[in-house]
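Thanks for coming, everyone. Please have a look at the sequence and the model before I start.

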Amino acid sequence: MSPGRKSPVAPGLRQRKREATRERLTRAAMALFLERGFEATTIDDISAAADMSRRSFFHYFASKEDVVAAWQEDAATALVAEIVARPASESMLTAAENAIATAVKRIDPAEAAAMSRLKRDNPALQARDQLKYEKLERALADGLAQRSGRKSERSKARLVAMIATGAMRVGGESWIGEGAREKPEAFVKRTFDAIRAILK
């Protein structure tokens with residue numbers, strides 16, 4: 001290691017415990033939302049399922065909507081990591097497509113469909129969903145630009161991020177509309193094939 005460079009600091013025990021507790025709350029909440037519905041699930045229900053107090057819940061989240069937002073942000077972070085890890089030989093659009101296809105393979109289709117219906121039927125979650133796509137587009141643009149490493153391609157990264165985010169949004173809605181019968185990764189490929197056909 002060169003002088004002056006510090007090695008990455010691993011999170012301390014306290015931080016790891018906090019992250020584990022946050023994840024436990026998130027998992028408990030998402031399971032209850034999918035089982036009972038968002039409105040029918042209370043913060044007391046979530047706290048009890050995670051084996052902690054209501055007061056502890058508010059140390060991590062300000063509301064039930066924040067739990068869903070955190071779940072979405074974690075998924076976005078994983079997607080950006082996938083993009084940065086794609087081979088340099090891939091174009092930005094192909095890297096975005098392959099990263100999305102890899103990310104959706106880890107998603108349970110039934111759970112994803114149920115979550116989409118949950119958001120569709122709840123106005124508060126719909127509003128958060130709009131914000132999610134705006135944040136996702138910025139995160140994807142940053143990931144694509146980081147992968148490129150060239151400032152001159154910043155605008156291109158933003159455009160590809162916009163296309164990829166639109167593909168996820170429209171593709172996801174179509175996938176749900178068609179009954180979520182097709183494997184998500186196959187639907188991703190079909191969506192990006194349609195994008196390339198339009199761009200020709």
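First, the ground rules. This is a predicted model, where local features need pLDDT of at least 70 and side-chain atom pairs count only at pLDDT 80 or more, while totals for chains, interfaces and linings use all residues. Residues are numbered from 1 along each chain as its sequence is written, and side-chain values use heavy atoms, with hydrogens and water left out.

Now the pockets. Rolling a probe the size of a water molecule over the atoms shows where empty space is left. A pocket here is an open set of points on a 1 Å grid over the protein atoms alone, where a 1.4 Å probe fits, with protein on both sides within 12 Å along at least five of seven lines; lining residues have an atom within 4 Å of a point.

The largest pocket has a volume of about 1500 Å³. Its lining has 47 residues, and W71, I107, A112, K119 and K132 lie nearest its centre. Among the elements giving two or more residues to that lining are α1 (13-36), α4 (64-84) and α7 (123-148). By class, the lining has 24 nonpolar, eight polar and 15 charged residues.

What is the volume of the second largest pocket? About 220 Å³. Of its 14 lining residues, A69, Q72, E73, K132 and K135 are closest to the centre. Two elements, α4 and α7, each give two or more residues. The largest share, seven residues, comes from α4. By class, this lining has six nonpolar, two polar and six charged residues.

Next, the helix pair. The axes of α5 and α8, lines fitted to C-alpha atoms over the stretch in contact, come within 10 Å and cross at roughly 35°. The crossing is right-handed. From α5, the residues M92, L93, A96 and I100 meet K156, A157, V160, I163, A164 and M168 of α8. Contact means heavy atoms within 4.5 Å. By class, that contact has nine nonpolar residues, no polar ones and one charged.

Last, one residue. T26 sits in helix α1. Is T26 buried or exposed? T26 is buried, because its relative accessible area is 7%, and buried means under 20% (1.4 Å probe, protein chains only). Beyond its neighbours within four places in sequence, T26 is in contact with F61, V67 and W71. T26 and F61 are 35 residues apart along the chain, with their C-alpha atoms separated by 9.5 Å. W71 is also one of the residues nearest the centre of the largest pocket.

Definitions and conventions:
Grid points are joined across faces, edges and corners, and a volume is the space filled by probe spheres set on the points. Helices (H or I, at least four residues) and strands (E, at least two) are DSSP runs, numbered from the N terminus. Ala, Val, Leu, Ile, Met, Phe, Trp, Tyr, Cys and Pro count as nonpolar, Asp, Glu, Lys and Arg as charged, and the others, Gly among them, as polar. Axes are lines fitted to C-alpha atoms, for helices over the stretch in contact, and angles run from 0 to 180 degrees between N-to-C directions. A crossing is left-handed if the near helix is turned anticlockwise from the far one by less than a right angle, and right-handed if clockwise. Buried means under 20% relative accessible area, exposed over 50%, partly exposed in between (1.4 Å probe, protein chains only).
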